[in-house]
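Colleague: Could we go through this model together? I should like to begin with a helix and then move on to the core.

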Amino acid sequence: MKYIDEFNDPELARRLLNEIHATATRPWALMEVCGGQTHSIIRHGIDQLLPDQIELIHGPGCPVCVTPLDVIDKALEIASRPGVIFCSFGDMLRVPGTDRDLFRVKGEGGDVRVVYSPLDALELARRNPDREVVFFAIGFETTAPANAMAVHQARRLGLTNFSLLVSHVRVPPAIEAIMTAPSCRVQGFLAAGHVCSVMGTAEYPALAERFRVPLVVTGFEPLDILEGIRRAVRQLERGEHRVENAYPRAVREDGNPAAVGMIEEVFEVTDRNWRGIGPIPRSGWRLTEAFRGYDAEHRFDVSGIRTEEPAECRAGEVLQGLIKPTECAAFGTTCTPRTPLGATMVSSEGACAAYYLYRRMNDPAAPGTGAAREEMNPVA
């Protein structure tokens, strides 16, 4: 199968690993921005196959995980109201709010539905003119075009019973926030390939130059990630700091101009709060004035909801790359996929979920040690 088997080839993985081992002469800390990359790294044991000098830091690239608690509570409030059909992707249903989640709302009689596209929610609005249909529009730049298209189509069709609860976030401001944090240890980035497939790479050279870090656009298969690491380490060893596209089969420099145009018509840049991290200036999108009538937060008057994170959950530190999931005392004990304290344990891209799913229940042999290399197969 094209582009599947080719990027899971064990022999090619060994060659890339050998080159990384031969290139690295100093300790380097790289952050993979995307939660999908984190799951691939943990699933295939890539971090345990790298040389001792290379540390992979898991970044805040899980859109479900960084959706603020107050936005979750707003979703719960809207979904609980009579006459509302609340639509969401499935990975949001178990994300804990202050005292419940969307599954609980559904069990209590709320009309909560899993959809596979915002256009599915739009069709529900068309078929149910007497009901308010709300789509939970979260995500990075990847999901923004489809959400923008849904609103655009709603206006074209004259649908007045459709709205979005928007919590979109943007990657470049998050990288800036990470690099300006006093605790930052990141020396290079594996940038999210799917985000760049939409937005292109135009925003990244300035970040690479300002912070003097390599930014390598990287895919999600084992060989993609190893190639991204190889390029980043090579730059670091040479004292270079530039943007490289290691995912050319999906990413062009200008991204997808049609998708970007749709985003810019429907959304405008705004400050955004990130769960576990806090506010990041100009790090999100909201609906423009022309489409503000489709904003569920204003339509249902839930903008006043305020929340506080549970003290025992250290997901914010995980999202910032300050700790590994296993360093949280609640991990695997009071916090599990069935009883999550934070979104990082239930999201399909959450770091805590990856560690739990692939049985990283404690700190095993240090990354890169001989024992770890013998036990793990990067493409198993």
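**Helix α1 and the cores**

Modeller: Helix α1 covers residues 10-23, and at 1.5 Å a residue its 14 residues should span 20 Å; the end C-alpha atoms are 20 Å apart, which agrees. Please keep in mind that this is a predicted model.

Colleague: Which residues of α1 are buried?

Modeller: Ala13, Leu16, Leu17 and Ile20 are the buried residues of α1. Viewed down the axis of α1, they fall within an arc of 100°, so they line one face of the helix.

Colleague: Why would such residues point the same way?

Modeller: An α-helix has 3.6 residues a turn, so residues three or four places apart point the same way.

Colleague: What covers the buried residues of α1, and which residues are exposed on the other side?

Modeller: The cover includes α3 (46-49) and α12 (222-238). On the other side of α1, the exposed residues are Arg15, Asn18 and Ala22.

Colleague: What happens at the start of α1?

Modeller: There, a side-chain oxygen of aspartate 9 comes to within 2.9 Å of the backbone nitrogen of glutamate 11.

Colleague: Now the core. Which members of the largest nonpolar core touch the most other members?

Modeller: They are Ile78, Phe86, Phe136, Leu165 and Phe189, out of 57 residues in that core. Helix α5 (residues 69-79) gives the most to this core, contributing six residues.

Colleague: What does phenylalanine 136 touch?

Modeller: Leaving aside residues up to four places away in sequence, its contacts include Val71, Ile72, Phe86, Met92 and Leu165. There is also a second, separate core of 39 residues, with Phe7, Ile41, Ile46 and Ala354 among them.

Definitions and conventions. Residues numbered from 1 in each chain as written. Predicted model: local features only at pLDDT ≥ 70, side-chain atom pairs only at ≥ 80, totals over all residues. Heavy atoms only, no water. Helix = DSSP H or I, 4+ residues; strand = E, 2+ residues; numbered from the N terminus. Expected span 1.5 Å × (residues − 1). Buried < 20%, exposed > 50% of the residue type's maximum accessible area, 1.4 Å probe, protein only. Arc of directions from axis to C-beta. Contact = heavy atoms within 4.5 Å. Polar contact = N/O pair within 3.5 Å; in protein donor to acceptor, adjacent residues only side chain to side chain. Core = buried A, V, L, I, M, F, W, Y, C linked by side-chain atoms within 4.5 Å.
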